[in-house]
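Biologist: Please take one part of this model and look at it closely. I would like to know what it packs against and how it is tied in, and then how the rest compares in kind.

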Amino acid sequence: GSGTASLDHNVKEDAKRDKNANKAIMGYARFDLVENYNKLSFGHWNSRPLMQNQVQSLYQSFLINGVDRFNPMHALPLVLPKEWIVDGTVEKDHEKREELPILRISDKAPKDWKIKVAGGRHRTEAIKKWVLKMQRDVNALEVEEKRMAKQAVEDGAAEMNDTSNTVKQRLHRLREVLQYHGQWIVTVFDANQVDTLIGIHISRNETKHVYMQSPEEGLIQRYKILEANKKTSRDVERTSMAKGSVAKQTELLSQDYVFDHMKNLVSSGTHYIHSPEMQLNRFHKVMLSGYGGLIAYATARLENRLRWCFNTVSYTLAEHRKIEAKSKNNTSFQKLKIRKEEIFEDLKQATPILESISDPLRDKLDRIFNTHLGDNTPASYRFGNDQDEMWLTAFKEYSYAVVAAMDEYASEVLSADETKDLDEDVRTALLGCAGKAALVLDDSSQADYCSFPFMSYSVITTLVRNMSMIERSIFEVSSWFSPMLYMAKGHGKDWEPGSASADMIRAIMGHPNLDPIRRGDAVIEIHRSFFSMFAEYINMERQLSKINMPRRITNQQQLMATFGLVDTSNGSKGKNRKKATKAQQDTANPLEVDAGSMISTSASRYQDMRGSAHP
């Protein structure tokens with residue numbers, strides 16, 4: 001029969017202790033944990049030891065997520081006699097948060113008074129560490145602000161540049177945040193009503209399982225928050241003292257090419273998010289490597305090619321086959337070629353229906369890629385080389401398999417009972433995806449990347465493997481275009497250019513003397529050379545490894561050291577700035593070498609390497 005419903009015994013006991021503890025609450029207040037640090041007594045009911053790794057984790061969280069100091073969920077339990085409290089300095093309504101009164105101790109308390117704290121020792125240590133860090137940041141930014149103002153005067157600039165404004169804004173924000181110093185919301189308990197049992201209850205540690213997000217999920221969530229707030233990589237504040245996963249997330253998101261790469265990955269469902277390539281340490285290493293910019297650039301183009309197949313443009317596989325059959329007639333070949341080009345342009349301009357590109361479909365495409373072009377197939381080492389017969393043969397087989405798989409997938413989805421209520425645009429996109437894929441993958445097309453596969457996570461794996469084999473060569477070629485020496489003056493001390501190949505792309509796309517319309521073509525041509533001339537780059541790699549080229553400088557302070565301007569003052573006003581000796585300047589200053597002859601010599605050496613390579 002049906003019994004009386006009842007909560008678990010442990011839950012009922014817990015609720016009973018909660019009720020008794022609530023009776024002892026006098027109110028809520030703000031209390032400066034840093035200012036009163038030596039007046040706090042921990043461990044009376046819970047002798048949990050201070051664990052520095054826990055303090056560090058909280059500190060890192062404060063740096064990246066901010067200090068949610070007045071959230072009632074994070075209130076610290078203070079236990080003190082009622083008569084110690086100055087009237088009007090506690091408040092019953094904890095939702096007043098930052099408007100809560102500041103707790104003040106009256107003259108009735110002993111001269112050497114101490115307050116028992118029933119929890120939050122690690123939080124107190126972390127907020128103390130955070131306040132000291134913010135104070136150091138304010139001092140450093142004040143020095144930077146003065147330096148930039150002086151630089152602007154020397155340069156005759158009428159207005160502050162974007163970097164100067166960013167420093168000024170950040171300094172203003174930090175000063176405002178520091179107005180609260182070490183204040184934290186506290187729950188004030190009457191010591192006269194807190195017996196041992198209640199003390200143990202309010203000081204207990206969390207015992208229930210709480211799912212903690214992985215570093216990869218943290219990266220994705222931070223990106224999503226920035227995107228939702230219409231922010232870009234320029235809005236990501238560098239937390240110089242943050243370490244571990246927090247620092248890596250910040251470093252990645254502060255790079256424009258990584259931010260754009262994330263946009264593609266996150267908008268593509270969960271296919272990429274849970275792939276091995278998204279493991280944070282691996283992702284960080286790849287994106288900031290010399291070839292990281294190339295990976296981001298390539299995946300964006302290949303993802304676009306896939307998305308061109310899913311839109312509301314009317315073009316089916318039957319239509320494509322009809323056009324192909326008619327094209328064999330010499331009299332109509334030119335006319336049909338123009339028709340295909342017009343449809344292709346329509347696909348590129350159409351808005352993709354992302355809901356129609358499901359994770360199961362992407363997984364299916366990934367398996368086809370690995371079968372024909374990926375994994376350790378011979379063709380995988382010739383990735384994207386449209387001059388190589390083995391790649392072109394394997395790519396043709398891949399194309400047939402993709403078109404057949406898309407046609408089969410669309411038929412299954414559109415005929416299933418559970419999908420009869422699909423949005424009309426999604427149905428239209430699925431209906432024509434196979435025909436559009438056949439057109440996009442057509443190797444007779446003159447479109448950019450016409451002999452490249454559609455995106456899936458194994459494509460990234462193959463790209464990473466191949467590009468890592470020629471990383472020195474990518475560094476060398478990228479350095480021919482890198483504007484870092486000219487850009488460094490306009491960036492803050494914590495600026496880093498990221499991947500060398502990304503810097504190369506920035507240099508070309510932003511070069512004032514290049515035709516804006518042709519800049520993109522130039523990037524594509526250079527980018528494709530890493531695939532079509534892979535064998536030559538392998539040979540170049542061997543020669544560069546013998547030369548043992550020095551690592552590329554990616555930090556402005558290191559760059560300053562190259563010119564003999566080492567600032568060892570760590571935020572001081574330059575009293576300890578060291579100047580290099582004449583001998584050091586002669587050997588360190590790269591500007592004393594004729595730039596034209598350098599590029600000419602490098603280019604001719606590269607041509608010699610290319611000529612001696614054997615594919």
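Modeller: Contact here means heavy atoms within 4.5 Å. With that cut-off, take contacts in the protein chain between residues at least 6 apart in sequence: 81% of them join residues at least 24 apart. This is a predicted model. The protein chain has 615 residues, and buried ones make up 45% of them. Its secondary structure comes to 24 helices and seven strands.

The part I pick is helix H19, residues 500-509. Take its helix neighbours in turn.

Start with helix H17, residues 471-479. The axes of H17 and H19 come within 9 Å and cross at roughly 25°. Angles under 35 degrees count as roughly parallel, so H17 is roughly parallel to H19. The crossing of H17 past H19 is left-handed. On the H17 side, the residues that meet H19 are Ile474, Phe475, Val477 and Ser478. On the H19 side they are Ala500, Ser501 and Met504.

Now helix H20, residues 516-532. H19 packs on H20 with the axes 9 Å apart, at an angle of about 150°. Angles over 145 degrees count as roughly antiparallel, so H19 is roughly antiparallel to H20. The crossing of H19 past H20 is right-handed. H19 brings Met504, Ile505, Ile508 and Met509 to this contact. H20 answers with Arg519, Gly520, Ala522, Val523, Ile526 and Phe530. Note Met504: it meets H17, and it also takes part in the contact with H20.

Arg506 and Asp256 join their side chains in a salt bridge, at 2.9 Å from N to O. Asp256 belongs to helix H8, residues 256-266, and Arg506 to H19, so the pair links distant parts of the chain, 250 residues apart. How accessible are the two ends? Arg506 is partly exposed, with a relative accessible area of 24%. Asp256 is partly exposed as well, at 32%.

Side chains of opposite charge can pair when their charged atoms come close. A search of the whole structure gives 20 salt bridges. Lys348 and Glu345 form a salt bridge, their closest N and O atoms 3.4 Å apart. Both residues lie in helix H12, residues 333-349. They are three residues apart, about one turn of the helix. Lys348 has a relative accessible area of 34% and is partly exposed. Glu345 is partly exposed too, at 38%.

A further pair has one end buried. Asp388 and Arg382 meet through their side chains at 3.3 Å, N to O. Buried means under 20% relative accessible area; Asp388, at 17%, is therefore buried. Arg382, at 29%, counts as partly exposed. There is also a network: salt bridges that share partners join Lys133, Asp137 and Arg170.

Last, the sheet. Its five strands form an open sheet in the order S1-S5-S3-S4-S2, and the pairing is mixed. Strands S1 (25-32) and S2 (40-42) stand at the edges. Each has a single partner strand, so one side of each is left without a neighbour in the sheet. On average, neighbouring strands are turned by 35° against each other, direction ignored.

Leu78 stands opposite Val117 in S4.

Back to H19 to close. It is roughly parallel to H17 and roughly antiparallel to H20. Its Arg506 forms the salt bridge to Asp256.

How values were computed. Residues numbered from 1 in each chain as written. Predicted model: local features only at pLDDT ≥ 70, side-chain atom pairs only at ≥ 80, totals over all residues. Heavy atoms only, no water. Pairing = 2+ DSSP bridges. Helix = DSSP H or I, 4+ residues; strand = E, 2+ residues; numbered from the N terminus. Axes fitted to C-alpha atoms, helices over the stretch in contact; angles between N-to-C directions. Salt bridge = Lys/Arg side-chain N within 4 Å of Asp/Glu carboxyl O. Buried < 20%, exposed > 50% of the residue type's maximum accessible area, 1.4 Å probe, protein only. Parallel < 35°, antiparallel > 145°, perpendicular 65-115°, else oblique. Left-handed = near helix turned anticlockwise from the far one by under 90°.
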